[in-house]
Every structure is written in structure tokens, then in C-alpha cells.
Amino acid sequence: MSTRRPNSLDKLGLENIGNIYYNLSYDELQAHEVNRGECKISTSGTAMCDTGIFTGRSPKDKYFVDQSPSNENIFWGDVNRKIEKDTFDELFTLTKEQLSGKDIYIMDVYAGACKLSRKSVRFISEVAWQAHFVKNMFIRPSEEELKRFEPDFVVYNGCKTSNKNYKEQGLHSDVYVCFNVEENVSIIGGTWYGGEMKKGIFSMMNYWLPLEGKLSMHCSANVGKDNDVCLFFGLSGTGKTTLSTDPKRALIGDDEHGWDESGVFNFEGGCYAKVINLDPKSEPEIYGAIRKDALLENVVHDINGVVDYSDKSKTENTRVSYPIEHIENHKDDMQAGHPNNIIFLTADAFGVLPPVSKLSKEQAMYYFLSGYTAKVAGTELGITEPVATFSACFGEAFLPLHPTDYAKLLGDKIDEHGVNVYLVNTGWTGGAYGIGHRMSIKDTRACINGILNGSINNAEFEILDVFNLQIPKALDGVKNNAVLNPRNTWSNKADYDASLAKLASMFIENFNRYNDNGSELDYSEAGPKV
């Protein structure tokens with residue numbers, strides 16, 4: 001084990017630190033995880049951890065310090081909640097007290113593969129598997145880079161403490177995930193969920209980069225042999241990770257990217273995939289990535305370490321993180337040129353949107369700001385039909401700035417680089433959830449292939465009523481071309497028309513929130529009409 005200590009240790013504000021485990025190797029981390037009783041090892045050699053009572057993020061416990069000048073840039077509301085500087089200082093003290101007098105793990109990593117735009121981030125935790133998670137998810141510096149590493153931002157993960165005074169402080173709960181932009185610090189308490197660290201840095205990249213004129217994006221990306229780049233935007237469950245992991249194309253990254261003057265680059269050094277109902281036949285690359293050095297979260301397994309991926313008794317949000325090197329066909333430097341194609345993914349549980357639509361520039365802006373997908377019936381008590389979900393820019397939960405700030409940047413780049421934009425529905429066809437069925441992965445792949453090889457541009461198009469979307473009449477690889485127009489797949493056309501109008505009304509109502517942002521971003525005319 002390396003005995004080197006991190007630079008600027010005296011600036012951390014921790015007292016009586018025990019052993020400092022600094023940027024441990026994968027073998028060292030796994031030994032710590034097992035010896036400390038944090039993890040079991042699966043039959044594939046993968047470490048398996050539980051994240052406690054929190055198996056997902058706690059968005060209502062996320063706060064930014066209300067102070068100048070960042071408070072003039074932050075778009076305050078339900079996503080970005082205010083916390084007073086005095087309250088933050090109390091929680092910062094609580095967090096440092098939790099980490100003091102302990103053995104701690106320090107990981108120094110980069111966020112951003114492009115050296116022109118990357119940030120140096122230091123993570124501090126007392127949990128070995130959290131250090132493992134960070135090692136998987138961020139970019140690992142070389143030994144030479146570590147010698148001169150100075151953090152731009154520091155994350156203190158005090159997950160074993162919690163805030164008992166939250167009621168007096170007017171906060172939501174005893175969990176806290178707080179960001180101090182001016183001091184370049186974030187603190188975590190009350191939750192063990194590793195995704196808070198990943199998405200916390202994504203939120204900060206979403207603050208820093210647009211202010212530099214660079215676009216930050218919640219998307220996956222891959223590149224073909226001819227250096228053609230494709231971006232896949234989409235919310236959880238739409239297929240963003242699955243569809244971008246393609247043996248014929250090199251993966252740049254599966255979740256978070258930047259787009260600067262040199263092109264597209266990954267923020268991360270690994271992938272974070274859902275594994276509920278994971279099938280090695282339909283997702284062989286992800287299944288194959290679950291091996292030694294990967295980290296499984298909240299999966300159910302037997303005493304021999306055999307994982308049951310169909311078991312959701314702990315959570316439906318079972319996950320695996322793994323270094324991008326576990327995907328055989330990946331881009332080594334995790335960056336490429338400017339995109340040729342952008343795909344917006346939606347899982348439409350109403351079953352009314354086409355498998356693929358070609359968007360105009362104005363429609364692209366409309367659907368980017370809408371960020372639509374749908375929850376299915378039965379996921380929550382009392383839900384008996386699909387529920388529309390709109391998340392601006394396909395990642396509203398992680399946007400510190402106003403959504404239109406990101407949309408302006410996207411629009412400028414679409415114009416500058418002549419990018420083609422498409423809407424792909426990976427959701428239901430032949431009826432809504434409970435009546436119809438999920439879109440065939442083969443048909444979805446055929447639509448994606450048509451976009452990537454350009455053959456979709458040779459298709460004859462028709463217009464979908466109400467939404468005015470251009471949809472191809474035929475595509476190579478689609479088993480039954482009738483599926484390309486969703487109305488053809490419904491036995492009751494009147495029911496389809498009613499559902500189409502209902503979803504259109506939801507889009508219109510949601511987009512009303514952008515009506516006060518001036519004519520520059522008034523793209524309501526590009527949306528559906530009822």
C-alpha cells in the first residue's frame with residue numbers, strides 16, 4: 001500500500017486523523033471492504049454492498065448556500081433549495097467532527113476528460129466501499145498527476161452522522177447534501193447512498209461549465225469508426241446506458257458529458273447502470289462488466305454469492321458501478337469531436353409517441369426543455385394509469401442554473417455544427433401500460449441504427465397528428481413497419497386519439513412555465529396543438 005499522503009492535508013480541518021488510505025488500488029479497497037464487513041463478494045468476483053435505508057438520492061435534502069455571487073446565478077426553487085451560511089457552517093462542523101479521530105479514505109480524482117474543462121475533486125469518507133465507488137465513477141489520475149494534485153473542490157462524506165437539529169433550522173430532514181460554491185466544498189450526512197457523490201459533482205459541473213460558455217449534459221455518448229458522434233439524452237429507465245453501449249461503436253460515457261470548443265467529453269471514468277432484471281442476452285456488455293473491481297449495490301444474493309437480478313425486495317434501484325475499461329469497446333481518452341446526431345429518449349407509457357421522429361431545430365429545443373418520460377401504473381399507491389414526468393433538459397434535478405441557460409447553449413451548438421436531432425420512444429406500443437407492450441429492443445435498435453448510418457434520411461416521412469412529428473414510413477430492420485406510426489398499433493383508434501390529445505395537453509401545460517422567458521426561447525409553437 002502506498003504511504004504517500006495527499007497534498008494540502010492541513011487545509012481539511014480534520015483533527016486526530018487515524019490512518020489515511022489514499023487512492024488505494026482496487027485490490028486494496030476490496031480487502032478493506034471485506035475485512036471491515038462492508039461487502040460480500042459475488043461469484044463473478046464483484047464486491048456487493050448495501051447503502052442502508054437510502055437506496056436512492058434524497059432530492060428534498062439538497063441545498064446551496066445562499067450567498068453572493070452564486071445566489072445571483074442559481075435558479076432557486078424545489079430543485080435548488082436555500083440554506084443559510086450559519087446553518088451550513090454548523091453542518092460543516094458536524095461533518096468534520098464525524099470524520100475526525102477516524103481512519104479515513106481520501107480519493108483524488110478528476111471530473112472531466114478534457115484537460116481544458118476538467119475539475120480536480122477530493123472525496124473524504126470513512127467507508128471503504130464509498131472510496132471504491134468514487135474510484136469507479138471518476139477519472140483516475142496517474143501517479144505523476146497525484147504528486148501535484150491540488151483539489152478545486154472537496155467533498156466531505158460524513159454519512160454516519162445526521163442532523164438532529166433540522167427542525168429548528170427549518171430543514172426537511174436529518175439528511176443533508178449541501179454545496180458551498182464560494183468555498184468549493186460540499187458535505188453529506190445521514191445517507192450512505194453513493195449516488196449523492198456522483199450527482200453532487202454533476203450538479204457542480206452544471207454550475208461551472210455553462211458560466212464558461214460550455215454545455216453540460218445528462219446524456220450518454222458513443223462514436224463510430226468514422227468518428228461520427230452521437231449523444232443519447234434520457235431520464236432513468238429510458239435506455240440511455242443500454243442503447244449507448246454498442247459493440248459496433250466506442251463508448252465515450254454512459255451518463256454525464258460536457259461539450260466545449262473541442263467537442264464532447266465524459267465527466268466520469270466509469271458507468272453506473274441499473275441491474276434490476278438484468279438479462280445477459282439483451283445487455284451482454286453490461287452483464288459482462290460485472291466482474292472484479294465493479295461494485296454492486298443493494299442486490300439480493302444467496303450465501304454463495306449468486307446474485308438474483310430479478311429480486312427487487314431491497315429496491316428496484318439496484319445498481320452496478322464499474323470502470324469504463326470493463327466495456328470492451330470504449331474510447332480510451334473518453335472524448336471525441338462534435339456530435340453528428342442527438343437522440344432524445346423517452347419511455348412513453350401512454351403508448352402514443354412514435355418509435356422514432358425526426359425533429360426540427362425548434363422541436364429539438366421544445367423537447368429538450370420538456371424532458372419527457374412517464375412512470376408506469378402500479379409503481380406508487382393509488383396510481384392506476386401512466387403518469388407523465390417532465391424534467392427539463394433531461395436532468396432538472398441536477399441543474400443549478402435556469403433550464404433555459406442550458407437550452408440556449410444547446411441551440412447555439414446545434415446551429416453551429418449542423419446536428420440532426422431525433423426523438424426515440426422506448427416505451428409502450430399498441431396501447432398504454434397494462435394494455436399494450438414494451439417497444440421491441442430490436443425495433444428500437446433498428447431505429448437507432450437508421451439514425452447512425454443515415455438511412456433514416458432517405459425514408460419517406462408522414463406527419464403525426466397533434467404533435468406534428470415527422471415519422472418514417474419504413475426503416476431497415478424494423479420487423480413490421482406499421483409500428484412506426486403508433487396509431488396503427490392500437491385496436492381502438494378513438495382511444496388512441498383521446499390518449500394522444502391527453503398527453504399533448506400535459507406537454508402544453510408543462511411548457512407554460514417557460515412563457516415568461518421572452519420570445520428568444522418561446523418554442524411553444526413547435527410543440528403539440530390541441
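## A buried serine

At 17% relative accessibility, S8 counts as buried (buried is under 20% relative accessible area, exposed over 50%, partly exposed in between, with a 1.4 Å probe and protein chains only). S8 lies in the segment before strand 1 (20-22). Strands (E, at least two residues) are DSSP runs, numbered from the N terminus. S8 is not a glycine, yet its phi is positive, about 60 degrees.

This is a predicted model: local features need pLDDT of at least 70, side-chain atom pairs count only at pLDDT 80 or more, and totals for chains, interfaces and linings use all residues. Residues are numbered from 1 along each chain as its sequence is written, and side-chain values use heavy atoms, with hydrogens and water left out.

## An exposed asparagine

N16 is placed in the segment before strand 1. Its phi is positive too, about 50 degrees, and N16 is not a glycine. N16 counts as exposed, because its relative accessibility is 68%.

## A cis peptide bond

The peptide bond from S68 to P69 is cis. Its omega is near 5 degrees. P69 sits in the loop between strand 4 (62-65) and strand 5 (81-83).

Two strands pair if DSSP finds at least two bridges between them.

Strand 2 and strand 3 (residues 47-49) run antiparallel, joined by two bridges. Here I41 stands opposite A47 in strand 3.

Methods:
Helices (H or I, at least four residues) and strands (E, at least two) are DSSP runs, numbered from the N terminus.
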